[in-house]
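Please look through the sequence and the model below before reading on.

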Amino acid sequence: MREQLVAWAGDCVVRGSVELGEGRLSDRVNELDTVTFFDVTLRSLDDGHEVDVDELEVERGELHVIEVRGRRGDPGRRLPTVEERVTLELGPFEVTGNLHRPPHTHSLASLSRWPHFVPMTDALVGMRDRDDERVAQPVVLVNRERIGKTRTHTVMPVFADEPPPTPPA
């Protein structure tokens, strides 16, 4: 059975159907060396022109970001995690979202836990050098081999014995 997949490569967005079988999308994509797309539309990131192709094989390493729609895997296999808000630069892309790591591990540990593609939730995906709007995605997979720069957005709770003073009018 084929399902629709949208992936961001270095110079275009690839939209097409793929046959990945059963299981979590992240597990399936991490197992493959190439992803075969059918009934493909390639949209240029430079000028937006589109090219349609019947079939296209893309090496896993050429894909920077993959949108995840519907395939979340078996909830029984999920482990307790700590969310960590980060911004990752991958080639021309910038992705801001939540990485999930086990509570006992160091910051950004989830980047080394996965073989190739790392899941991020509540993600905003866009071009690094453009001010156009970001695309909000509930879940994406980012190619950790393409990550050039990481920034964490630490939220630190502040506790005080008294409420803060009221600012002067």
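This is a predicted model: local features need pLDDT of at least 70, side-chain atom pairs count only at pLDDT 80 or more; totals for chains, interfaces and linings use all residues.

Residues are numbered from 1 along each chain as its sequence is written, and side-chain values use heavy atoms, with hydrogens and water left out. The chain has two helices and 10 strands, where helices (H or I, at least four residues) and strands (E, at least two) are DSSP runs numbered from the N terminus.

**Overall layout**

- Of the 169 residues in the chain, 39% are buried, where buried means under 20% relative accessible area, exposed means over 50%, and partly exposed lies in between (1.4 Å probe, protein chains only).
- Among contacts (heavy atoms within 4.5 Å) with a separation of 6 or more, 59% are between residues 24 or more positions apart.

**Strand pairing**

- Two strands pair if DSSP finds at least two bridges between them, and strand E2 (residues 12-18) pairs with strand E3 (residues 34-44) in the antiparallel sense over five bridges, with Arg-15 standing opposite Thr-41 in E3.
- E3 is also joined by nine bridges to strand E4 (residues 50-59), again running antiparallel, and here Val-40 stands opposite Val-53 in E4.
- The hairpin of E3 and E4 has five residues between the strands, and in this hairpin Gly-48 takes a positive phi near 80°.
- E6 and E7 run antiparallel and are joined by nine bridges, with Leu-88 opposite Val-95 in E7.
- The hairpin of E6 and E7 has two residues between the strands, and Gly-91 in the turn has a positive phi of about 55°.
- E7 pairs with E8 as well, in the antiparallel sense over five bridges, and the bridge partner of Glu-94 in E8 is Gly-126.
- E7 is mostly covered, since eight of its nine residues are buried.

**The nonpolar cores**

- A nonpolar core is a set of buried Ala, Val, Leu, Ile, Met, Phe, Trp, Tyr and Cys residues joined through side-chain atoms within 4.5 Å, and the largest one in this model has 21 residues, of which Trp-8, Val-65, Leu-88, Val-95, Met-120, Val-140 and Val-142 touch the most other members.
- Strand E1 (3-9), strand E6 (82-90), strand E7 (93-101), strand E8 (117-127) and strand E9 (135-143) each supply at least two residues of this core, and E8 gives the most, with five residues.
- A second, separate core has 20 residues, including Cys-12, Leu-20, Val-40 and Leu-141.

**Aromatic rings and a charge**

- A pair of aromatic rings is described by the distance of the centres and the angle of the planes.
- Rings of Phe, Tyr and Trp (its six-membered ring) pair if their centres lie within 6.5 Å, with planes under 30 degrees apart counting as stacked, over 60 as edge-to-face and the rest as tilted, and the structure holds one aromatic pair.
- The rings of Trp-8 and Phe-93 have centres 5.4 Å apart and planes at 90°, so this pair is edge-to-face.
- The pair links distant parts of the chain, with Trp-8 in strand E1 and Phe-93 in strand E7, 85 residues apart, and both Trp-8 and Phe-93 are buried.
- A charge sits over a ring if NZ of Lys or CZ of Arg is within 6 Å of the ring centre and within 35 degrees of the ring normal, and the charged end of Arg-2 sits in this way over the ring of Phe-38, 3.6 Å from its centre.

- His-64 lies in strand E5 (residues 63-67) and counts as buried, because its relative accessibility is 3%.
- Leaving aside neighbours within four places in sequence, His-64 is in contact with residues including Trp-8, Phe-93, Leu-141 and Arg-146.
- Arg-60 lies in the loop between E4 and E5 and counts as buried, because its relative accessibility is 11%.
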